[in-house]
Amino acid sequence: KDSGKYIMFVNDVDNENIKIYATVSTNLINWNVANDGNAILTSKHFEHTSWASKAKDGITPQSALLTDVLKHNGKWYLIMNGYNKNHKRNIGIVTTQNLIYGPYNIPKEPVIKEGAKYSFDEDGVFYGKVIKDSNTFKMFYDCINRNKIEVIAMATSNDLITWKKYENNPVIEDHLGWRSRPYCSEPAFVNKEGKNIMILIGGSKNFKLGWYHHYISGKMYK
């Protein structure tokens with residue numbers, strides 16, 4: 001919420017060509033397009049960066065993907081992720097005083113990048129969500145390794161600009177039951193209630209799928 005209006009951001013995905021639009025509302029029911037219907041962030045905004053502006057193929061123009069927004073000391077921080085030149089996702093933070101019209105301060109380098117070879121985050125980091133815990137900011141984010149297995153890690157910061165990965169990462173790595181097919185671990189929502197931090201995580205269950213299940217039983221489980 002900013003200046004009495006609610007702002008909702010939309011990641012518009014046309015194949016791999018991502019652009020970011022905004023809509024505004026005063027009552028959370030009726031929404032109107034912002035910025036005359038034009039995208040507020042496009043691939044051109046990220047052309048000077050090392051962590052965004054192109055899709056994974058390294059060719060298709062693409063804005064970084066927006067996953068979280070928060071305000072601190074009168075400034076807005078946009079948590080985003082994009083692909084670097086090695087086709088691996090990195091997390092960057094864009095700052096602005098005005099969410100709709102900018103200008104946007106887009107750093108050249110990411111705040112969190114992929115890990116070392118053979119690590120749990122070797123193939124990329126993305127989908128960051130940030131909360132303030134006492135005087136420390138904590139970011140929970142998705143990581144992926146070379147086998148496409150995803151886990152959740154955490155990083156901390158005192159200023160939302162410089163981030164340090166938690167030394168005991170990953171913080172969530174078990175894949176049982178509803179996360180038995182470990183190809184999705186996005187932290188969709190993070191909140192703090194009292195001393196407890198709550199994380200809403202997307203997951204996928206590993207059902208037995210095959211010739212029998214598809215064609216004999218006629219069922220498809222999700």
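Begin by selecting Asn 145, which sits in the loop between strand 11 (136-144) and strand 12 (150-157); strands here are DSSP runs of E with at least two residues, helices are runs of H or I with at least four, and both are numbered from the N terminus. What you have open is a predicted model, in which local features need pLDDT of at least 70 and side-chain atom pairs count only at pLDDT 80 or more, whereas totals for chains, interfaces and linings use all residues. Residues are numbered from 1 along each chain as its sequence is written, and side-chain values use heavy atoms, with hydrogens and water left out.

Is Asn 145 buried or exposed? With a relative accessibility of 15%, Asn 145 counts as buried, a word used for residues under 20% relative accessible area, while exposed means over 50% and partly exposed lies in between (1.4 Å probe, protein chains only). Display the polar contacts of its side chain, that is, pairs of N or O atoms within 3.5 Å in which, within protein, one atom must be able to donate a hydrogen and the other to accept it, residues adjacent in sequence counting only if both atoms are side-chain atoms. The Asn 145 side chain reaches the backbone nitrogen of Asn 147 at 2.9 Å, and a polar atom of that side chain lies 3.0 Å from the backbone nitrogen of Ile 149. If residues up to four places away in sequence are not counted, Asn 145 touches Ser 119, Phe 120, Glu 122 and Asp 123, where contact means heavy atoms within 4.5 Å.

**Salt bridges**

Arg 146 belongs to the loop between strand 11 and strand 12 and Glu 122 to the loop between strand 9 and strand 10, so the pair ties together parts that are 24 residues apart in sequence. Arg 146 is partly exposed at 40% relative accessibility, whereas Glu 122 is buried at 8%.

The structure holds six salt bridges. Select Asp 121 and Lys 165, whose side chains meet in one of them (3.0 Å, N to O). Since Asp 121 lies in the loop between strand 9 (104-105) and strand 10 (124-133), and Lys 165 in strand 13 (residues 164-165), this pair ties together parts that are 44 residues apart in sequence. Asp 121 is buried, with a relative accessible area of 4%, and Lys 165 is partly exposed, at 32%.

Then find Asp 133, which forms a salt bridge with Lys 192, their closest N and O atoms being 3.4 Å apart. Asp 133 is in strand 10 and Lys 192 in strand 14 (residues 187-193), so they tie together parts that are 59 residues apart in sequence. Asp 133 is buried at 14% relative accessibility, while Lys 192 is partly exposed at 28%.

**The nonpolar cores**

In soluble globular proteins, nonpolar side chains tend to be buried together. A nonpolar core is here a set of buried Ala, Val, Leu, Ile, Met, Phe, Trp, Tyr and Cys residues joined through side-chain atoms within 4.5 Å. Which members of the largest core, which has 20 residues, touch the most other members? They are Leu 41, Phe 46, Leu 78 and Met 80. Strand 2 (17-25) and strand 7 (75-83) each supply at least two residues of this core. A second, separate core has 18 residues, among them Ile 112, Tyr 141, Cys 143 and Val 151.

Centre the view on Leu 41: leaving aside neighbours within four places in sequence, its contacts are Lys 19, Ile 20, Phe 46, Ser 63, Leu 78, Met 80, Tyr 104 and Ile 106.

**Backbone features**

Select Gly 102 and Pro 103, which are joined by a cis peptide bond with omega of about 0°; Pro 103 lies in the loop between strand 8 (89-96) and strand 9. Another cis peptide bond, with omega of about -5°, joins Asn 169 and Pro 170, and Pro 170 is found in the loop between strand 13 and strand 14.

Asn 73 has a positive phi of about 50° although it is not a glycine; this residue lies in the loop between strand 6 (65-72) and strand 7 and is exposed, with a relative accessible area of 71%. Tyr 127, also not a glycine, has a positive phi of about 60° and is placed in strand 10.

Technical notes:
A salt bridge is a side-chain nitrogen of Lys or Arg within 4 Å of a carboxyl oxygen of Asp or Glu.
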